Amino acid sequence: MIKKIDIRELRPGMYVHDLNCCWVAHPLYPTRFKVQSGKEVDRLIELGVSSVYIDSGMGEDAPNAATEDEVRQTVESALLKIAESLGVAGEAQGITTREELGSAAQIHREAHQTIQEVMSDIRLGKHSEMERIEPAIRGVVDSVFRNSGALIQLGGIRTKDQYTFAHSVNVCALLTSFARTLKLGNDITRQISVGGMLHDIGKMRVPDAILNKPGGLTESEFDEMRRHVQHGVDILGKVSWISPISLQVTAQHHERYDGSGYPAGLKGDQISQFGQMASIVDVYDAITSTRVYHRPMAPVVAIRKIQEWSEQYFNEELVSHFIRSVGIFPLGTLVRLESDLLAVVVEHSASSLLNPVVRVVYDTGKRSRVAPYDLDLSQQSADRIVGFESGEKWGIAPADFLMAVDAPAV
Ligand SMILES: [Fe+2]
């Protein structure tokens, strides 16, 4: 049986099934192994692992530990509580996601191109006119304020070899949306967005062979990779228009609420609010992308992992607000309705986190596709979401339906 335990409860003889820490390419991920010594546990703690899943069928048991299913149920009830107590982000979207998609695609392309140029200059040791990034950031901020879903949804479409550039744009968009949900004000939001776009700039001083190495890193390569945070602070610290808030985002995006992060191992509110926000967003984007060492997690699954990790790695209250900004069922999620129809989430609802607008695409009863049509679940008492499904299992690519022209509403 798969069970979750705190890292301090891990003993020799137990079999590690999952390090529950899949955002890093550390030397032990994604290995499954039997713990041989207490030293191994100390090393895991050093690497930033705070809890693990063990397989009691393969090694010693932890009789009182929560099972995987129990953890899942706890997460689902926490999400329900967020939906009930906090509700939607409250800011009405200026226009619909579908109306914003065209401009968002253009903004995403331009921002990607500009950050790639700026970062490549740094990689080559050339002087970079970093001000060039400002119009790109303004474009992202404006798009997110018109409609927060479009640009974030586009972030899901990417290639793995351009990870660092796409990740920069996505973190910028996600952080902007997060700041908007928190109503932090235009000036602070813009400074957070700047930090989001440039937070990984220090990676340009990490050798390419380590940055894009297929498979896990060695211990020394892992240490080298971790140095990107300090490199980033060094690079941005010399730029006069980079504000302290943008610097905090860069300096603290790998810190973790329980002190297990790096480079300073800051704990709780020793990490600024902006650093705490950045750490949530950085992990969310990392786990939803294709990396050489892991397959992308569906956003709907990633949201649940972030909620699970909020017990240790993140500020729980901030995680609730992040979930409000992305949704309990993020755009593009394939959901199962009570009527056994499958549908793709195409628009957040203005009134409920649990009842978005969905596009019905498949009838599981008849095992056949249906001509797509839209349902606003906040308006309909006839149907509701009962769970989410994997697109792969049904041969459905949800993104195709999200991008498609408007379907008739019923
Ligand atoms: Fe980073």
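## Packing of H10 against H11

In this predicted model, helix H10 (residues 228–237) packs against helix H11 (residues 244–252) at an angle of about 160°, with the two axes 8 Å apart; helices here are DSSP runs of H or I with at least four residues, numbered from the N terminus, and axes are lines fitted to C-alpha atoms over the stretch in contact, with angles running from 0 to 180 degrees between N-to-C directions. H10 and H11 are therefore roughly antiparallel to each other, a term applied to angles over 145 degrees.

The contact (heavy atoms within 4.5 Å) brings Val229, Gly232, Val233, Leu236 and Gly237 of H10 against Leu247, Thr250 and Ala251 of H11. The residues of this contact comprise five nonpolar, three polar and no charged, where Ala, Val and Leu are among those counted as nonpolar, Asp, Glu, Lys and Arg count as charged, and Gly is among the polar ones.

## Aromatic pairs

Five aromatic pairs occur in the structure, a pair being rings of Phe, Tyr or Trp (its six-membered ring) with centres within 6.5 Å. The ring centres of Phe178 and Phe322 are 5.4 Å apart and their planes stand at 55°, so this pair is tilted, that is, neither stacked (under 30 degrees) nor edge-to-face (over 60). Because Phe178 belongs to helix H6 (residues 163–181) and Phe322 to helix H14 (residues 316–326), the pair ties together parts 144 residues apart in sequence.

Both Phe178 and Phe322 are buried, meaning under 20% relative accessible area with a 1.4 Å probe and protein chains only. Ring pairs also link Phe178, Tyr284 and Phe322 into a cluster.

## Basis of the values

Residues are numbered from 1 along each chain as its sequence is written, and side-chain values use heavy atoms, leaving out hydrogens and water. Local features need pLDDT of at least 70 and side-chain atom pairs count only at pLDDT 80 or more, while totals for chains, interfaces and linings use all residues.

Technical notes: Helix = DSSP H or I, 4+ residues; strand = E, 2+ residues; numbered from the N terminus. Parallel < 35°, antiparallel > 145°, perpendicular 65-115°, else oblique. Buried < 20%, exposed > 50% of the residue type's maximum accessible area, 1.4 Å probe, protein only.
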